[in-house]
Each structure stands twice: as C-alpha cells, then as structure tokens.
4 protein chains.
Amino acid sequence: MTPIKQENIQVGEIANGLPLTIPVYRLKGNGTGPRVYIQANMHGAEVQGNAVIYQLLEQLQQQTLAGDITLVPYANPIGCNQKSGEFTLGRFDPITGTNWNRMYQSHLPLVDTFVAEHLDSSLSEIKNQFSAALVQATQAMLDGPAYSINTGKRIALNLQRLAHEADIVLDLHTGPISSKHLYCPEYAKASASYFNIPHVLLIPNDFDGALDEASFCPWWALSEAYKKQGRDIPVLVEAFTVELGSQEKIDLTEAKADAASLLSYLSYKEVLLNSPFKPQAMVRYGCMLQDYLAYYAPMGGMVEYTAVLGSHIKAGDTIAHILRMERYLSEQPLHSITLDKDAIAILHFASASVNQGTELYKFFTNYFEL
Amino acid sequence: MTPIKQENIQVGEIANGLPLTIPVYRLKGNGTGPRVYIQANMHGAEVQGNAVIYQLLEQLQQQTLAGDITLVPYANPIGCNQKSGEFTLGRFDPITGTNWNRMYQSHLPLVDTFVAEHLDSSLSEIKNQFSAALVQATQAMLDGPAYSINTGKRIALNLQRLAHEADIVLDLHTGPISSKHLYCPEYAKASASYFNIPHVLLIPNDFDGALDEASFCPWWALSEAYKKQGRDIPVLVEAFTVELGSQEKIDLTEAKADAASLLSYLSYKEVLLNSPFKPQAMVRYGCMLQDYLAYYAPMGGMVEYTAVLGSHIKAGDTIAHILRMERYLSEQPLHSITLDKDAIAILHFASASVNQGTELYKFFTNYFEL
Amino acid sequence: MTPIKQENIQVGEIANGLPLTIPVYRLKGNGTGPRVYIQANMHGAEVQGNAVIYQLLEQLQQQTLAGDITLVPYANPIGCNQKSGEFTLGRFDPITGTNWNRMYQSHLPLVDTFVAEHLDSSLSEIKNQFSAALVQATQAMLDGPAYSINTGKRIALNLQRLAHEADIVLDLHTGPISSKHLYCPEYAKASASYFNIPHVLLIPNDFDGALDEASFCPWWALSEAYKKQGRDIPVLVEAFTVELGSQEKIDLTEAKADAASLLSYLSYKEVLLNSPFKPQAMVRYGCMLQDYLAYYAPMGGMVEYTAVLGSHIKAGDTIAHILRMERYLSEQPLHSITLDKDAIAILHFASASVNQGTELYKFFTNYFEL
Amino acid sequence: MTPIKQENIQVGEIANGLPLTIPVYRLKGNGTGPRVYIQANMHGAEVQGNAVIYQLLEQLQQQTLAGDITLVPYANPIGCNQKSGEFTLGRFDPITGTNWNRMYQSHLPLVDTFVAEHLDSSLSEIKNQFSAALVQATQAMLDGPAYSINTGKRIALNLQRLAHEADIVLDLHTGPISSKHLYCPEYAKASASYFNIPHVLLIPNDFDGALDEASFCPWWALSEAYKKQGRDIPVLVEAFTVELGSQEKIDLTEAKADAASLLSYLSYKEVLLNSPFKPQAMVRYGCMLQDYLAYYAPMGGMVEYTAVLGSHIKAGDTIAHILRMERYLSEQPLHSITLDKDAIAILHFASASVNQGTELYKFFTNYFEL
C-alpha cells in the first residue's frame, strides 16, 4: 500500500479571525516518474472533483507510483461555503465578482531571462531550475507585504506554488449542466486521447488567469523562446482543466469512472507502474478555442433546453423553446430557438429562467475527430 | 373557442421607479360553475407553473366553461427576476429574508362577526357575502396609507384579492428537487383523488401566511363557527398548493400532463362542461402535516442523494452518502446516512454541498393509502 | 485582576467539514451577585457589539465581581462571514431566509408543570430549579437525533443554553442606520434608566423567537402562573436587546462608552461591587411595542433621508425626499415625504435605493418620558 | 428656457419578458459647442449621480447651450434593482460576476485603417467621420445575431453608442466610502482643474473595458497614429469618470454642488454660453494610476477606519485598528495598521468586517500638486 500523508495549508483568514485552510494529500513515488498535482472545487458549486479525488485516493493506495502525487480537494474554502439560497455561489468572490479561477499569476516575464541564463543547460537542469524559479517567484509574492495581496490571489498563489512543483497539473471543474470535456493545450493534443472524455477543447498559449494556463504557459513560452535561440526543447509540463459534468452533484460511481480516466492518462505518462488503467475506445472530438461558441439568450424568458448534451446538432435544429407568458395574446408565447451551424452541444445554463443575453449554451463548432 | 382576456395589475414599483406588473388572464364561463383562480411562480425559481398555465390556456380555449377562470403566471415580478449566480434567488425577499409565500393576510378575525350577522342567511348569500367581505377587507388594506404596507405584502394582497373572488384556488409551486405532491386541506381530501398526483399532504386549519391557507382558512373557520351555532354548512371554498416537481426547470410535455391533472380536478368540480379530462388510476398516498418529516444533514459535507424520490424507504435504508474530504486519514471519509422509520422520499435539497443542519430531505412518514 | 477564561464551543459544521466554533469568555464572581450573559453579532453586519465586549473585557478585569459573567462575541460564525458585495449579509440564513434571531426555542410549555410541582418551593429553589429546567430542556433538544435540528436552530440552542444559566441576559445588536435604543420587557422598565440609552421600547410577553424573549418569557410566564395560584413572585430574570447604533461599523471610543452604559446597569444590579459606573443623566423616552411604527416607502425611488435620528418629528414634517428620474418631464421628480403624527426617528434603511414598500424608517409614536 | 426631451431606450429583457429600459434626456445647443454625454448609476449602489443629473437638468434649463447635452440616469436597470440584504449588489452581473463597467467595447482596431484612409482629411472631417465610425461599429455589434451579445454587453453597447456621439463624456460613479476624485486621461490634465475635485488620477491609454476608456482610447490612439504619420492632431474627445463620494447615499445639496462642478468644466469647454459657473480655488492633487495603491487587509477582523478620507497620511501613521475577538487571551486582540509611505487616503471599504485580503483602502502615493 502506498501511504498517504496529509498536511493542511493556511490560505487566509476570515472576518472572525478563523484561518482558511485547505487539506493537501501526498503520495510518494519512487522518483522515476513525473510529479503530479491534482486539485478540485476551486469553484464552490463544482464539487464532483472532490469525489474523484476520493476515488483516486482509494485507488492510488493500491498502485505502485513512479512519481509523487499531490491531491487537493476543497481548494477554495470561501467559495466552497458560500450559499445563496440552495445554490453554492462559489464561482466568483462574493465581494468583488472576480472569478476565483482568474486570479493565478502569470510568470511569463521570467522566461526571457531564464533562457538567456540557461542557453546551454541540460534538459533536466532546465526542468529543475525553471520549476524552482516558478515556485520561488510564487513564494516571493506570498512573502511580500501582507497588504499587497487580495483574498483570492492569496488562495490562488498558495495553490499555484504547489502546482509549480509538478510536471502534470489537473484542475478538476464542472460546467453548470454539462457533458464531460477537457481543456487541453494544443501541444498536448496527443495526451487527450488517454482521458475517457469525448470532447476536447484545444487552447492556445494565452494567459487568462486560470490554473492550467498559469501552469503550462511559462513552459510553452520557454519552449518557444529556446526555439528562437535555435534550440528545440519539448514543453516539459502538461496541464489540463478537466470538466467532469454538472455542478452541485456528487455521484460516487461516476467519480470512480472519472478516476479511472485520470489514472489512464497518468499511466500513459508513466506516473503509475504496471497500471491496469487503459483509455476506453471512443471517438473523441476536438474544437479550437476560438470555435467554442457561447450562445446567449436572444430574448428573456423561460427556457426548455432541448439539445441533448454531447449530441451533434445540425444547423437549424431546435435547441430550445423559450416561453413568454407576459403577452400571451399579443405576441407568440412560445419560441423555437435554433443555431445556424452544425455543432456539438457541450453545456447549458443551470436555470430555466433567463434574461436576454444570459449564456444559454456552449457549443463546439467546426469540430473534428481527434 | 372560449376567448381569453388579459389585463395587467400593478403590484409595486422598483427603485428606478418602474412599475412591477403581473399579467392576469381571464376566461369567462356561463356562470353556473365555480369560479377558479390559478397562479404560478410566487417563488422565483419555481417556474414550471408558468408552463402549466400556458398549457391550460391552450386547452381551456377548446373547452366549454361553466365557471370563470383567472390565471396568473409570473405572480412575483421581483422573485422571478432575482438572480444569484445561475440560481433564481426567489424564495424570499432578498432584503428581509421573508418567504414570499408567508405574507398573505389572515382574515380569520372577520368570521365571528360575519356569523353573528348572517346566522340565518341562505347558503348562497353566505357564499356571496363572505366572499365579498374577504375581497373588501383585502382591498381596504391596499387602500390604506401607502406607508403601511411592505413590498411583499403589497404583492400578496393584490393576488389575494383576486383569489378571494374564486371558489377554487390553485397555487402552483415546485420543490427544490422533488416528486409531485399536493397540499390539501383535510376537509377536501375527497378532491385529492382527482389530481394525478400520488402524494397528498393533509393540512389542518392553521394559518401560516401561504395563499392556500389565506384562501381556505376563513371558510373552514366559518363552517366551524356555524357549527357552534348549531348550523351545518360545508366549507365553500377549496384551495390547494400544487407541487409540480423540481425548480429551475421548464418541461412543456410534463406541463401538458400537469394541465390535464388540474383539468381533471376542475371537471370533477364542474367548472368544465362535457370535459374529456378524467383522473388517472394510481395509488395515492396521504400523510398528515405533522408527520411530514424534515431531515436535516447530521453533518456538513458533500452529499450523494440515493433515495429515489417518490420511492418507499424502509427504516434503516441508506438515503444518502456524505463525503468528507477534510480529514480523509483521521476520520471516516464516507458516511452512509439512514432514516430510522419507513417513509416516502418526497423531495431533497438542490445542492450536494450542505452544512450540518441543512434540510436534506422531506419524507412522508406514517403515510397511508388515500 | 479578575481572570478571564476562554473556551470554544462548536455549534455546527460547514460543507467542507470544518467546525463552526464560537469563543466564550468567562469571568468568575464571588457568587453573591446575579449571573450575566452577554452576546454580540448574532446578525452578521451588527459588529459593534464585538467592540463593546472587547471594552467590557478590558474593564471587567479591573473590577470586583459579585456574579459570574459570560461574554460571547461573534455569536454567529455563519452570519459573521457571509458577504454579498461589500455588505455582510448576515441577518438571515442565506439558504432559507430565516432571521438568525428568530430561531431560539420557546420553553413556555414547561411553566405550568413546573408551577404545579413547585407550588410551595422557596424563591431560591424556584430560581435554581427553573433555570436548571430551562438549561436541561435546551440541552435535550441538542442531544436529540442530529437530523432533527437545522443549522440556525443548532447555533441558537447552543447560545440559549448559555443564556439560561444567567439571571441577566444582554443581546447586543445594531439597527441598519440607527440611534441607540433598548428593547426592554415591560416588567423591567425601572432597569431601563440605568442604561445610557435615550430610547426604550417596552415589549410585552410575546414570544417571537428572539434571544431576549427566549430568556425572559418563561420567567415572566412563571411569575404570572404563580399569581394565578395566589402567590406573588417577581420575574427572576431580566433580558434586553441592546441596539448600539449602526451596522457595519466599529467605533472603539463609542464602544467604551457603551461598555460603561452596560456596566452602569450591571452595577445597579449588584453584579459589580464598589463600581464607579453610574448612569448618565438624560431624558429617556419610552414607547410601547405596538406604537413602534414601521414606515414603508410609499413609492420606489432614490431616498434622501432628512429626519435626524433621535430627533423629535412633528406631524407633517418632511422626513425624506424621494427622487424619481424615470419620468422627469411627465411627473414630479422630487417628492417630499411626511409622517402624519408626532414621532421620534429611531432608525432608517441603509441604502438610498428603495422599492415601494421597503422599510424606510422606524419611529417611536405615542412616546412618553420614562 | 432650454427645453428637455425624453426618450427611453430598450437595452434588454428580463426573465419574465419585461423590457429593460433606460431614460435618456436631451437638451439641444445652438450647434457651435461640443456635444456632451453624461451618465450615472452604471453600478447599482452608486446612486448619487442620479441626483447630480437631477440638479444638472434643473440648472441647464436656465442656461444657453452651445452644444447638445445628453443625460442618462439609471444607466443600468439590472444593477440598479439588485438587492442583497439592504445593499444594492449592483457592481457586477449577479450571474457571472463581471463588473458592469468592464463590458464596453474597444474600437482601437478601427484606428489604423481610418488613419490610412483619412491621412489628409481636415480636422473637422476627421472628427465627424471617426465619431461616425465609432457609432457605426457599435451599432453593428448591436445589429449582429441576438445570440452573440451577453446581457451586460448589450447594456454597455447601447450606452456606448450614445457616448460616441459626444465630444465630452462624463461617467458619474462613487466609491464605497470615498472622498471625491476624478479619473482623468493624462492628455486632459489641464481640464482637471475646472472640476471642483481635489484628487485627480491620471490614467494612461490602456483599455480595460470602462466607459471613459472606451470613449477616449480610440481618439488618443488616433492622435498618436497621425503623429506616426507626421501629422499632429489633438485628442478630440475628453472622457472622465467622476467619483462623487460614497455609495448608497443621496444628498441633494451635495448634488447641487457637484452639478456646479461639472458645469464649471462644461463652461470652460464652451458648452455653456455666458455661464456663471467657475471652478473653485483649491489645491488639486494628482497621482499616476500606477501609484494608486490598493491596500488589502493584512489579517481578517473587525476594522475601525481611522484615516480621514482626503487627508494626507505620513508613513507609519495608524490608518486602522483591527479587532480580533477570537483569541483575546492568547494573541493581541487589537492591531494598529500602518502604511509604510506618505499618501492621501481616497476611499475605504464599506464594511467593518473584512477577510484577510479584502481591499481596505485606496491611497494616492507619490502624489503631486496639479
């Protein structure tokens, strides 16, 4: 049995002075494989990742590990406990509105200096020292004056410091009502086929504050900076946002299947030795991020969502009915809503009640087989 | 075709001075049958009633009506439009926390005087004049100084005034995640079998601020007051809260079935003439209100709800798993939760994420066949 | 120096499994004086009571105490940390809307049995044994099945258990924007003059769920029940809700003055020996609870509050201007709002932006010198 | 008397199908002066700008106008009416968390093509045609598929279209608890002295989604693009965010003074002819945006704000006390908080109750006399 250790890290304090802490679970590998960081529940309503971490812990104890694995459930102790009615209002800081997953730090400014100073370093030196530089830059921000860091940034930096110690980063999220999909950096497309996830978003090297980007952007930029200097090095870190399905739901059986999906990928990456976990055979569809279409409600009303999530929609198919009971006699009370292009329906809004302009659906358009 | 007329009533003003209005649809009967009042969406997230009113309007135009029918969708223009994250935070006034369905007015104080003054009136006089007295007492409150009525009370009184004009009142609600059930005053138990709803809560003559109670309590008290005077009169008004299923959902097909259910009851009450709507054969289960058990989360955690709604639970059956990932190593991470008596699972909380003491489930206990 | 001891009581658990705890500070007296319980911040935004408890702790260490004193800041660990924008949304449970100060338990049903069993007991036996009965009944609820108590009830019962151990209960609150005022049970009117608070609400023996009521109602009812049996005993417990001023504000200087006000009352009650704290000379005004007028906004709009809090308004005086910029040309954009009776302005709403029916002001009417 | 005209523009629909409308007031000038656009209350709690527009309308009718003036109170009909407790939660979209004042559109991409096509156009041609291009580009987005624009964007674009018709744009905001200050683009520094506002933030040409930036950035970029082509043209539009003081407050007297301040600036810009409005003599302090310091709470707790807003703080001065009552015995319960540099205190948080990392204050540092 591989032993598990727990520590708790403090990431803030609330108004009555109580500490905000996050549990961190660690399993040690034999040191020959890549190090892994997995976190869940950065957005308060997206709880299923905690169940996946539970199932991972149950499984990993049975496995032989080549690399160290760090698992962090309940990554956001504020978001996790912020209720508004029955709903867990944990997508953004309730004070400022800032999305909790847009507060990680870009360390892109480190790249050019690093490359200049390590032009001829060995690949393993580059890997170790750039990783150390990222950890150190993150820690330096945490060590700055207490007044210089806001609440969400302090949580994010504490997590990011852990993530920069790893070669593989998995941030477990969910959509509102959603089919499973994966945010995958373009360079790691080959890895996407080892997850049991049929829908893959390929994202470019743009930093927008999320953990996956904070984790891979500097390494991707590093690879490109070396290329400019005439040296080819691979991108040495892979990071993914895994969208497990719908928010506000715990399903332990599904969590076990999702754990198997992640373990399949980790086996491919040789984190597990002699692992039984293999990817399922399935058709996987890809979509470039710029083709990921947000479809906003063309009118206010009460929505019956009719597009099956994961299904392939034809241009002109009805994707929703919008009911408007305010003027039953003088206008059409029931509207059929269509999309004007072929698409895969990935997720939809969690409520039937929408304003004009509420994000109704997200669609893969111009999708392709991976 | 029975024509429909629309009017809009103003029930308040918001901060930027815009009026709060509610659409009111009316169909006229031939005057021989009972008058009906149906409203929906008093709680903002409970939208399915609007779809039922849509389907009722579609059907009622085809029918011959003996009694007038008034239908009010979007009964609460504040609750209907109050968002907090994706969730419609419309169960209570966001300023005060007061449940929107606890602000109706008790007119029980009218009963004794009325009986004293109408001891020997005919049944139809009693019906007409007590109904008029209720309408008038409600109107008098609305006509009082503008500073004497709060926001929710003004909305409630405007709706209650309409309801007091009717002999049958149906208030369409939903639970959070819920099977269909009906709040039925004990005296109207016989009527419950004409709805296609398998679960019936029998409620006593206690006023707690809801529309059904505001509608039937005075009439029930009236009947009892006459009885004390040695005269037997029936309770002349029936009022029900119809719980259609889950919140935040529009399902037009289900709404059509629910409309048929309401029309079956209205046909039984002879509001519709030569109606094709008949109750479905089904076993209906009753439960006294004091046996309607709220089951609060015995610990904080992440909940997998395992009791199928509408299903019959045996004492000791697992009804939920609660996952606790904070102390995976030092305490049991997964708890099986049981109920210590036989029950029917009626509804459960809408989120997997609960505090200790969050209402997890509601159960029929000591239930019986109706 | 009188030593202070701290314990922490657990009153619940949040979704990520962390305990909700409340700090409890205790100072021991020599046992000859009444026991005192003081709590603050049951409503999340009403923080000034914490500062008053701070100043009390600073002072009480210097004093000789006849009675034990228990002080509980941060009484509500959920409400205290619930933000919505900059505002502390801590007046009601964010899930249910229930006011946190309406969840205490009425032990009135204990009274009749107790009197029957202790008809001829000595006054001190009555005091000790009824106090013990209240503590025990509260504890019994906490010891019931975990699934039978909701979140707010569990917090309230834990506090109430502490309060029932005392002879004097002070619950520190604030209004939204407010002058100082005191909720005082009618029988304790004489005590009101020992607080440095110019406005006193005299409240009857009706239980509505608040801590002061939960504390004094059973004792008041006990006194009345003995009277029915022909025996006169005083009401043996005094409980007050102290409204310290405005919410969302900490003012340490004002807190010191408020501490002196409470210490003046406690000196009068002989909790402190040889105390320097005396009531200030001031005219104190009383108002019966039924004359405490809630003035709701007669229209929606933007409000300039012009009545000075604590000031005496004449009937017809302008108390507010309401600006309406929606129809500047077609209706009056600026309205002067008046009250039609003489009054003292006690508090007003915290925002300029109001719906029709928002509680604008509360006024003492039919007030009198105490 | 200069007449006022009103129109209402529809900027969306809410869930019950009701239109979201905004009132637009227009006064016509003689055509010789610059056109002006003034809006207020884009953030729901920042209501004082509505009162300033009221006072402006009262004054402007008495004046002779050279330029057209458009005034828009209640600019955000969702934010204006979003309550959470007493607080107007109108800073961000309650569904998404996006700041309502970060959703305007950057038209910077238009600049290069325009300059290429209008290299030798006259200044007035440039002004008219670039203004028309901005209006047209904004309108084109509104004319796109209804599903392509989210709720906040639709509101913002409707307002931005009006703003692009003007040469002077004033967006009226407030801070939480705040002294008056002005966001002024660096090139318009000379204009800042005509407002009666002692604190001026000088902002660079960076687009971050706000209305002032959306209004001036393209014109500033245009000026610089012409300079690259060897032609010097001034920045033809001025846009400011005017921070009027504290949120949630209406003060009609102060609003009249603020109206006079704006009219002083408009007189200087020759929008008003023969105007009596002159700037007050006062020392005005400037601060570069990068020196505008956000000071986050170094610990969670209850804050007494002691820095007087508008006052000049010396390095090491106490700016706040933070009270922590959780561990009164084992740690320091009262902390004095200082800033390590000289500064002017501009605004502070609206609540005493803060988490570690809540924005406590904003300070001008490295400030200078304008």
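Apart from its neighbours within four places in sequence, Tyr367(A) has contacts with Tyr285(A), Gly286(A), His312(A), Asp342(A), Ala343(A) and Ile344(A). The model is a predicted one. With His312(A), the side chain of Tyr367(A) makes a polar contact of 3.2 Å.

Tyr367(A) sits in a loop of chain A, between strand 22 (359-364) and strand 23 (368-369). Its relative accessibility is 24%, and Tyr367(A) therefore counts as partly exposed, since buried would require a value under 20% and exposed one over 50%. His199(A) is 168 residues away from Tyr367(A) along the chain, yet the C-alpha atoms of the two are separated by 9.4 Å.

An unreviewed UniProt entry lists residues 33-143 and 147-267 of chain A under "domain: Succinylglutamate desuccinylase/Aspartoacylase catalytic".

How is chain D laid on chain C? A turn of 180° with a shift of 0.0 Å along the axis does so, at an RMSD of 0.0 Å. The two copies are thus related as by a two-fold rotation axis. Both copies use the same surface, as 100% of the contact residues of chain D recur in chain C.

Methods:
Residues numbered from 1 in each chain as written. Chains lettered and ligands numbered in written order. Predicted model: local features only at pLDDT ≥ 70, side-chain atom pairs only at ≥ 80, totals over all residues. Heavy atoms only, no water. Least-squares fit on C-alpha atoms with pLDDT ≥ 70 in both. Contact = heavy atoms within 4.5 Å. UniProt positions renumbered as here; feature names shortened; annotations may be inferred. Helix = DSSP H or I, 4+ residues; strand = E, 2+ residues; numbered from the N terminus. Buried < 20%, exposed > 50% of the residue type's maximum accessible area, 1.4 Å probe, protein only. Polar contact = N/O pair within 3.5 Å; in protein donor to acceptor, adjacent residues only side chain to side chain.
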